[in-house]
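Please look over the sequence and the model shown here before reading on.

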Amino acid sequence: MELERPLPQPITPEAKPYWDGLREQKLMLPRCRTCQRAFLYPRVLCPFCHGSDIEWVQASGRGKLYSFEISHQTFNRAWKIPPPYVLAMIALAEGPRMMSNLINVAPDPKVIRCDMPVEIVFTKVTDELTLPLFQPGSPR
Ligand SMILES: [Zn+2]
């Protein structure tokens, strides 16, 4: 199988629950037990209060489109997805923001709007790796 994109290589133990969760169709987030805030990327200390008591919680997979860019050129030959495609900053309902792609939508600024509701699409790329992509979601 030819891969469409360069893949992340999960190696850090702090992020293992995140990647394991995606493989099981769950978006897992690290959350600080001290200040109760969820965060990304996974790390050993809370970025808000520097607490080290971190738990993992399953996120809803819902959020809003915080920002986006429609790419019309590809600068890395390892990227095989034909442009235009949508780079997206997602603001998860639980608070953290994450970079992803917005899919299943026309790459058209008349259609894509900041603050539009989005939902996760678990996209299996290998047996080991599932990526969290997003598509327009229904408002709640
Ligand atoms: Zn904290």
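The text below goes from the overall fold to the metal site, the aromatic rings and some details of the backbone.

## Overall fold

The structure is a predicted model.

The C-alpha trace spans about 45 × 35 × 25 Å along its principal axes. Of the 140 residues, 38% are buried. Among the contacts in the chain with a separation of 6 or more, 51% are between residues 24 or more positions apart.

## The zinc site

Which atoms coordinate the zinc ion? The donors are the SG atoms of Cys32, Cys35, Cys46 and Cys49, at 2.3 to 2.4 Å. The angles among these four donor atoms run from 101 to 121 degrees, and the site is tetrahedral. For comparison, the ideal angle for four tetrahedral donors is 109.5 degrees.

Along the sequence, the donor residues are spaced C-x2-C-x10-C-x2-C. Cys35 and Cys49 both lie in the loop between strand 1 (28-32) and strand 2 (54-58), so this pair ties together parts that are 14 residues apart in sequence. Cys35 is partly exposed, with a relative accessible area of 27%. Cys49 is also partly exposed, and its relative accessible area is 33%.

## Aromatic rings

A search of the whole structure finds two aromatic pairs. They are listed in the table.

| Pair | Arrangement | Centre to centre | Angle between planes |
|---|---|---|---|
| Tyr18 and Trp19 | edge-to-face | 5.1 Å | 85 degrees |
| Trp79 and Tyr85 | tilted | 5.1 Å | 40 degrees |

Two arginines are placed over aromatic rings. Arg37 lies over the face of Phe48, at 3.6 Å from the ring centre. The charged end of Arg97 sits over the ring of Tyr66, and the distance to the ring centre is 3.7 Å.

## Backbone details

Most residues other than glycine have a negative phi, and most peptide bonds are trans. The residues described next depart from one or the other of these patterns.

A cis peptide bond joins Leu40 and Tyr41, with omega about 0 degrees. Tyr41 lies in the loop between strand 1 and strand 2, the loop that also holds Cys35 and Cys49. Another cis peptide bond, again with omega about 0 degrees, joins Pro83 and Pro84. Pro84 is found in the loop between strand 3 (62-71) and strand 4 (85-92).

Which glutamines have a positive phi? Gln25 has a phi of about 65 degrees although it is not a glycine. Gln36 is found in the loop between strand 1 and strand 2. At 48% relative accessibility, Gln36 counts as partly exposed.

What does Ile81 touch, leaving aside residues up to four places away in sequence? Its contacts are Glu4, Arg5 and Thr74. Ile81 and Ala91 are ten residues apart in sequence, and their C-alpha atoms are 24 Å apart in space.

Key. Residues numbered from 1 in each chain as written. Predicted model: local features only at pLDDT ≥ 70, side-chain atom pairs only at ≥ 80, totals over all residues. Heavy atoms only, no water. Phe/Tyr/Trp six-rings, centres within 6.5 Å; stacked < 30°, edge-to-face > 60°. Lys NZ or Arg CZ within 6 Å of the ring centre and 35° of its normal. Donors = N, O, S within 2.8 Å, 3.2 Å for Na, K, Ca; no water. Tetrahedral: all angles 85-135°; square planar, octahedral: opposite > 155°, others 65-115°. Helix = DSSP H or I, 4+ residues; strand = E, 2+ residues; numbered from the N terminus. Buried < 20%, exposed > 50% of the residue type's maximum accessible area, 1.4 Å probe, protein only. Contact = heavy atoms within 4.5 Å.
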